[in-house]
Amino acid sequence: TFADVDRESSRIAAALAERGIGPGDRVAVMLRNVPGFPLIWLALAKIGAQLVPVNTNYQEFDGAHILRHSGAKLVVAAPEFTDLLGRIGVTAVVTPDKLRTDAEPPDFTPVPELPVNIQYTSGTTGAPKGCVLPNRYWTTLAISLATDFPAVGEDDVILTAQPFHYIDPQWNVALGLAGGEIGRAHV
């Protein structure tokens with residue numbers, strides 16, 4: 001439910017804040033398609049930090065480039081990636097199961113131009129490049145997708161087949177949240 005998403009993302013936001021993550025910090029996330037990935041993304045937005053999705057197929061070269069270039073303060077990764085991250089030299093790694101707390105997240109007011117993501121390209125023409133996507137990008141896109149095209153509402157179901165580190169699944173999460181909220185507002 002929307003309440004579950006809000007509650008879980010707030011819990012993760014508080015746990016990240018307890019680890020010293022706050023406005024402007026970048027957090028790399030290297031997870032497969034699990035519910036924790038979009039919840040961490042929303043949690044980071046709740047505290048003004050930025051998601052840096054890391055392709056789960058990366059090896060040392062591209063992984064090291066993304067992590068160094070992005071300036072990620074922390075990496076949230078599945079246990080299967082911790083050896084790779086260690087070989088790259090990343091020491092600030094936490095697994096999603098360690099992001100638990102009963103605390104409340106700190107107060108934060110989103111700013112339209114504050115970055116929410118640094119989305120890296122696939123690197124087909126050289127090293128992957130970071131695209132900075134602010135709050136305004138996500139809210140404008142989500143509302144447009146929910147109300148204009150494809151006009152998704154609360155009764156629609158979205159299937160996402162791509163890995164969450166690509167941008168399309170993130171669009172679908174934003175669309176699903178906006179579509180459900182807009183649909184409920186018109187009932």
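This is a predicted model: local features need pLDDT of at least 70, side-chain atom pairs count only at pLDDT 80 or more; totals for chains, interfaces and linings use all residues.
In which sense do E1 and strand E3 pair, and over how many bridges?

**Entry 1, E1 and E3.** I found E1 paired with E3 (residues 74-77) in the parallel sense, over four bridges. For a landmark I picked Val27, which stands opposite Leu74 in E3.

**Entry 2, E1 and E2.** I then looked at how E1 (residues 26-30) goes with E2, and these two run parallel as well, joined by four bridges. Arg26 has Gln50 as its bridge partner in E2. I followed the chain from E1 through H2 to E2 and noted that this β-α-β crossover is right-handed.

Is E1 mostly covered or mostly open? Mostly covered, I wrote down, with four of its five residues buried. For E2 (residues 50-53) I checked each face. Gln50 and Val52 are buried on one side, Leu51 and Pro53 on the other, so both faces are covered by the under 20% relative accessible area cut-off.

I turned to H1 (residues 2-18) and H2 (residues 36-46), which pack at about 65° with their axes 8 Å apart. Their crossing is right-handed.

Which residues meet there? On the H1 side I listed Val5, Asp6, Glu8, Ser9, Ser10, Ile12, Ala13 and Leu16. They meet Leu39, Ile40, Leu42, Ala43, Leu44 and Lys46 in H2. Sorted by class, the contact of H1 with H2 comes to nine nonpolar, two polar and three charged residues.

Key:
Residues are numbered from 1 along each chain as its sequence is written. Side-chain values use heavy atoms; hydrogens and water are left out. Axes are lines fitted to C-alpha atoms, for helices over the stretch in contact, and angles run from 0 to 180 degrees between N-to-C directions. A crossing is left-handed if the near helix is turned anticlockwise from the far one by less than a right angle, and right-handed if clockwise. Contact means heavy atoms within 4.5 Å. Ala, Val, Leu, Ile, Met, Phe, Trp, Tyr, Cys and Pro count as nonpolar, Asp, Glu, Lys and Arg as charged, and the others, Gly among them, as polar. Buried means under 20% relative accessible area, exposed over 50%, partly exposed in between (1.4 Å probe, protein chains only). Two strands pair if DSSP finds at least two bridges between them. A crossover is right-handed if, with the strands pointing away from the viewer, the path from the first strand over the helix to the second runs clockwise.
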